[in-house]
Amino acid sequence: VAGRASGKVTFAVLSPPGKGEKEVRRSVVEVPMTFAIVATPPRSKRILWSQFHSVRYPPGYIPRDNLDVKSDILDWHGDHPHTNFHGMYDALRDRGYYLEILGSPLTCFDANEYGAIMLVDSEEEYSKAEVEKL
């Protein structure tokens with residue numbers, strides 16, 4: 001199935017009262033969105049990124065993996081294709097690959113659906129069941 005889907009996201013923004021005001025300020029924002037829907041790509045073009053064992057958004061001050069970066073030595077963004085790995089994500093997309101993100105253990109996906117799985121900078125150990133599956 002391919003095509004387009006559209007709709008809107010509506011949310012309220014609440015702000016403290018301004019000087020001399022007593023009521024909380026409330027603004028309703030409506031954002032129209034349209035998305036392209038593509039047919040499921042062939043297995044050879046599908047890549048699964050395992051996010052489950054990687055740092056998401058660090059809870060503290062964690063040094064970067066690349067210590068050659070001197071201007072920003074902390075890993076503020078976690079290890080994710082949409083943050084500090086976006087260059088790699090862009091390169092894969094430019095070459096026609098589709099990257100899906102797995103946020104659960106490696107026992108929760110069908111390996112027959114993907115041409116490759118990426119285990120990038122994992123900070124946690126894999127379970128016995130995950131190792132056996134791989």
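Mentor: Let us begin with a term: a residue is called buried when its relative accessible area is under 20%, exposed when that area is over 50%, and partly exposed in between. Please keep in mind throughout that this is a predicted model.

Trainee: Is Arg46 buried or exposed?
Mentor: The relative accessible area of Arg46 is 9%. Because the cut-off for burial is under 20%, the class that applies to Arg46 is buried.

Trainee: In what order do helices and strands follow one another along the sequence?
Mentor: The protein has 2 helices and 5 strands. Read along the sequence, these elements follow the pattern β-β-β-α-β-β-α.

Trainee: Which residues are linked with Arg46 in a network of salt bridges?
Mentor: The side chain of Arg46 meets that of Glu100 in a salt bridge, with 2.8 Å from N to O; here Arg46 belongs to strand S3 (residues 46-50) and Glu100 to strand S4 (residues 98-102), 54 residues apart. Arg46 also forms a salt bridge with Glu113, where the closest N and O atoms are 3.2 Å apart, and because Glu113 lies in the loop between S4 and strand S5 (116-118), this pair ties together parts that are 67 residues apart in sequence. The residues linked with Arg46 in the network are therefore Glu100 and Glu113.

Trainee: Are Glu100 and Glu113 buried, exposed or partly exposed?
Mentor: Glu100 has a relative accessibility of 27%, and Glu113 has one of 37%.

Trainee: Over the ring of which residue does the charged end of Arg46 sit?
Mentor: The charged end of Arg46 lies 4.6 Å from the centre of a ring. The ring in question is that of Tyr114.

Trainee: What kind of aromatic pair do Phe109 and Tyr114 form?
Mentor: The structure holds 2 aromatic pairs, and in the one formed by Phe109 and Tyr114 the rings are 6.2 Å apart, centre to centre. Phe109, at 12% relative accessibility, counts as buried. The planes of the two rings make an angle of 65°, and because an angle over 60 degrees is the criterion, the pair is edge-to-face.

Methods:
Residues numbered from 1 in each chain as written. Predicted model: local features only at pLDDT ≥ 70, side-chain atom pairs only at ≥ 80, totals over all residues. Heavy atoms only, no water. Phe/Tyr/Trp six-rings, centres within 6.5 Å; stacked < 30°, edge-to-face > 60°. Buried < 20%, exposed > 50% of the residue type's maximum accessible area, 1.4 Å probe, protein only. Lys NZ or Arg CZ within 6 Å of the ring centre and 35° of its normal. Helix = DSSP H or I, 4+ residues; strand = E, 2+ residues; numbered from the N terminus. Salt bridge = Lys/Arg side-chain N within 4 Å of Asp/Glu carboxyl O.
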